Amino acid sequence: MNFPSKLLENAVNEVSQLPGIGKRTALRLVLHLLRQPADQTAGLTTALLGLRNDIKYCKNCHTISDRELCEICENPSRDNSIICVVEDIRDVMALENTQLFKGHYHVLGGKISPIDGVAPSQLNIVTLINKVKEGKVKEIIFALSSTMEGDTTNFYIYKQIKDFDIITSTIARGIAIGDELEYADEITLGRSLIHRVPFENSLKML
Ligand SMILES: [Zn+2]
């Protein structure tokens, strides 16, 4: 792509680094911004910088939060003895939309994936095991997507907590294999949460 302007080229290059955005789409977005009032671009850059500089991760569940503790962990009516293990904040948002879960979450920040170079040490696993060791947890619900990486991660965690006196369950596979939680509709996701099965059963299915 030949640009008549270096400023335009720089902006297109930056935008095209976003996932799923090619150079052509980036050019369209940049030209759109140029046609809008300047304060729209200012609003966008301020929001992005604020996100980058001020975002926090809840010190209890690791989800994205504006404060030290997220609203869910801070809410006294939520049951902190039931912990739903998810990959990232999108899963928390999807499960919260079902309005059926009143426990806490634990956000791993990814899934174990040797191919992508994601090792267990890069995920928020130790803090989850520590919560179990502290003895306050009654149930761990695995709600990772049923991909190979999700299964590997579930099993890695399960091995470390299976000897503690807790229930381990996994959301029912109403979610098709390989589906991501965030794309499941609320009813399907809610159902798979209610009809969760003992984690050991899911092992036999493998
Ligand atoms: Zn939290």
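What percentage of the 206 residues in the protein chain is buried? Buried residues make up 27%; a residue counts as buried if 20 or more other C-beta atoms, placed from the backbone, lie within 10 Å of its own.

**View 1. The whole chain of a predicted model.** Local features need pLDDT of at least 70, side-chain atom pairs count only at pLDDT 80 or more, and totals for chains, interfaces and linings use all residues. Residues are numbered from 1 along each chain as its sequence is written. The protein chain holds nine helices and seven strands. These are DSSP runs: helices are H or I with at least four residues, strands E with at least two, numbered from the N terminus. The C-alpha trace spans about 65 × 35 × 35 Å along its principal axes.

**View 2. Domain 1 and domain 2.** Domain 1 covers 6–54 and domain 2 covers 57–205. The bounds come from an automatic or database domain assignment. The two centres, taken over C-alpha atoms, lie 34 Å apart.

**View 3. Helix H1 against helix H2.** H1 (residues 6–15) packs on H2 (residues 23–35) at an angle of about 120 degrees. Their axes, lines fitted to C-alpha atoms over the stretch in contact, are 8 Å apart. Angles run from 0 to 180 degrees between N-to-C directions.

**View 4. Residues joining H1 and H2.** H1 contributes Leu 8, Ala 11, Val 12 and Val 15. H2 contributes Lys 23, Ala 26, Leu 27, Leu 29 and Val 30. Contact means C-beta atoms, placed from the backbone, within 7 Å.

Note on methods: Buried ≥ 20, exposed ≤ 12 C-beta atoms within 10 Å, placed from the backbone. Contact = placed C-beta atoms within 7 Å.
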